[in-house]
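Colleague: I am new to this structure and would like to know what stands behind the words used for it. Could we go through some of them one by one?

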Amino acid sequence: MTDRHVITAAVSVTQLSIAAGAAFLGGIMNAVAGGGTLLTFPSLIAAGLSPLVANATSTVALLPGALSSMLGYRNELTGARRWTLRLALPSLIGGLLGAFLLLRTPDKTFERVVPWLVLGATTLFLAQRPLLGWIRRYEEKQVPRSAQDDTRVQVPRSAQDDTGAQHDNTIQPTWKILGWQTVVGMYGGYFGAGVGILMLAALGFMGFTNIHRMNGLKNWGGFCMNSIAAATFAVSGIVDWPVALSMAVGAIIGGYVGSRMAQRVPQHYVRGLVGVVGVVSGIWLLSR
């Protein structure tokens with residue numbers, strides 16, 4: 001453990017329960033709509049951890065939830081083997097670079113920056129639906145009007161999803177796409193809140209149309225960047241392990257439950273909650 005990072009030695013049962021509950025809700029949010037870090041990170045700050053330790057602990061704790069959420073979407077990755085392989089390396093490299101950058105950031109600097117990161121991630125989160133809507137309209141303009149009309153009249157919803165998955169299988173990774181994924185991975189390794197939103201937007205611009213396939217790839221890329229960042233933080237000694245382990249239990253359950261609920265829960269309720277939590281947390285962090 002480095003001298004400049006102070007980790008609380010004694011953690012109460014109440015603090016562990018709050019951390020586990022926040023991770024459970026964060027795991028559900030990440031699977032259903034993203035933004036789970038906007039809940040877990042402020043909860044750890046309120047529990048008395050420093051921003052740097054809270055960020056590292058949250059990354060480690062939510063990793064099992066990211067894995068269980070990814071497993072919940074495993075069927076959506078069928079036929080996307082080359083994408084999972086191509087996205088893995090830039091995600092790992094970016095996550096490692098971001099984690100090293102965080103470890104080189106002085107405590108006071110990170111404490112001043114983090115409220116703006118939270119507010120920025122919240123803004124990005126709230127802009128996700130309008131952004132994806134714009135992407136969809138952009139894609140529709142690339143298709144002849146007659147073809148769009150034929151699709152609306154003749155193709156059932158389930159068939160549209162199948163057609164979208166088949167179309168997604170034809171998209172080839174490019175160096176430009178992989179370069180962007182490296183940048184996204186750096187952000188994910190440094191802070192991570194809203195990184196799933198960046199990935200969804202990027203996948204939309206790449207030409208993907210099946211949202212479930214996009215969520216599966218998003219969860220895979222997020223798992224890769226978070227796994228290398230979590231390993232880096234663990235080795236550095238800035239993780240509060242009692243808190244991280246209690247959160248991991250909640251995150252595993254929440255991630256899997258959320259991945260199964262993703263197509264059933266009205267997402268505007270979840271988005272509204274995440275937005276409120278993010279704005280309130282950002283203002284609270286600024287006031288500190």
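Colleague: Why is A22 called buried?

Modeller: The relative accessible area of A22 is 8%, and buried means under 20%, exposed over 50% and partly exposed in between, with a 1.4 Å probe and protein chains only, so A22 is buried. This is a predicted model, in which local features need pLDDT of at least 70 and side-chain atom pairs count only at pLDDT 80 or more, while totals for chains, interfaces and linings use all residues. Residues are numbered from 1 along each chain as its sequence is written, and side-chain values use heavy atoms, with hydrogens and water left out.

Colleague: Where is A22 placed, and which residues is A22 in contact with, leaving aside its neighbours within four places in sequence?

Modeller: A22 lies in helix 1, residues 13-32, where helices are DSSP runs of H or I with at least four residues, numbered from the N terminus. Leaving aside neighbours within four places in sequence, A22 is in contact (heavy atoms within 4.5 Å) with L39, T40 and S43.

Colleague: What makes T40 buried or exposed?

Modeller: T40, found in helix 2 (residues 37-46), has a relative accessible area of 1% and is therefore buried. Helix 2 as a whole is mostly covered, since nine of its ten residues are buried.

Colleague: How do you know that a polar contact joins the side chains of T40 and S58?

Modeller: The distance is 2.9 Å, and a polar contact is a pair of N or O atoms within 3.5 Å, where within protein one must be able to donate a hydrogen and the other to accept it, and residues adjacent in sequence count only if both atoms are side-chain atoms. The pair T40 and S58 is therefore joined by a polar contact.

Colleague: Why is L89 called exposed?

Modeller: Its relative accessible area is 53%, so L89 is exposed. L89 is found in helix 4.

Colleague: What makes a nonpolar core, and how many residues has the largest one?

Modeller: A nonpolar core is a set of buried Ala, Val, Leu, Ile, Met, Phe, Trp, Tyr and Cys residues joined through side-chain atoms within 4.5 Å. The largest has 37 residues, and those with the most contacts inside it include F41, L44 and M247. Helix 3 gives the most to this core, with eight residues. A second, separate core of ten residues includes W83, L200, A202 and M214.

Methods:
Helices (H or I, at least four residues) and strands (E, at least two) are DSSP runs, numbered from the N terminus.
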